[in-house]
Amino acid sequence: MVEQHSVQVGTQYYRESIYERLRQLQEQEKLPVVLHEYQQGKHWLIDCEFQLEAIEEDRETTKKIHSYYLANAIAETILQHWEKDHIRWLLKSKYKMKREEVVQIFEKALQYLNQESQQWKGYRIHRKASLVNQIVKCIEAQSLFDMEGFLRFRAKDYKEEIHKAVNYVVNEHVIETEYEEFINLLRRFVDSQKPRIHTLHVGITRQGKFNLYNEEGKKITKKYMDDLSFMDTSQELTYEDLLVSALIAVAPRKIVMHIRYEGYKDTLQTICKVFEGRVSYCTENCSICEKI
């Protein structure tokens, strides 16, 4: 005689997703479950009737397997649907963002949460495994599982991870926006300046120091560095700061970079953005390259 045990899943918004995933488990994994749906106002109840093994000793193990399959279907629904809805809600309500920003940051948040880079490899799998374990404990404790109630009262650690991820992405977005505004400001300033030299050669040594050269290859570093008297000398400036400041002060029409140093990648990227279309890199062993 085949016995049954039943677990009921309650949800207001995610009935279709949970039901479809359980139906797929019926077909693909041959999960022995019969599904019944009941609507109670805006709430739905999915009654999952699982068949148990005839051998009594195997019934508890079989119950655990069934609970795991059900928990997996619920967890996948949370990751695929509730998580997206919750991120949108956070961006609109907590961060008070406009529609255009919500769309942009929403995609970045999803990429961050689901990326499989070396640094974050398995991050989504970890979140899902944590959810599954929590859901299984709830199902084993009682035969009625309410999805929205679980997320509201029981999934504190999971929601904190989502909040941290969204906060990180929002902060990154703010930094990127401020950086782009800063670049645009510098670009407009450079475009408004009269060039003090048409072509400026920049040589960066293996030690990370730089020198400026004119079209004839003559060193002119001191001439233009002495002109930076407008700079705030109360702050300690790096070679990178000085280089960018010197280039902005000279505002050349063309910049040729001669590089023997592997650093300064961010600074070089900034220079290329500020002097858009004016920067080129020397690929030959020219006379300036020999000097550095």
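Strand β1, residues 4-11, runs parallel to β4 and is joined to it by three bridges. One of the bridge pairs is Gly10 with Asp146 in β4. A word on terms: strands are DSSP runs of E, at least two residues, and helices are runs of H or I, at least four, both numbered from the N terminus. Two strands pair if DSSP finds at least two bridges between them.

This is a predicted model, where local features need pLDDT of at least 70 and side-chain atom pairs count only at pLDDT 80 or more, while totals for chains, interfaces and linings use all residues. Residues are numbered from 1 along each chain as its sequence is written, and side-chain values use heavy atoms, with hydrogens and water left out.

The open sheet has four strands in the order β2-β3-β1-β4, with mixed pairing. β2 (33-40) and β4 (144-146) are at the edges with a single partner strand each, so one side of each has no neighbour in the sheet.

Next, the cores. A nonpolar core is a set of buried Ala, Val, Leu, Ile, Met, Phe, Trp, Tyr and Cys residues joined through side-chain atoms within 4.5 Å; buried means under 20% relative accessible area, with a 1.4 Å probe and protein chains only. The largest has 50 residues, and Ile78 and Leu91 have the most contacts inside it. Helix α2, residues 59-94, gives the most to this core, eleven residues. Another core lies apart from it, with 25 residues, including Leu186 and Phe210.
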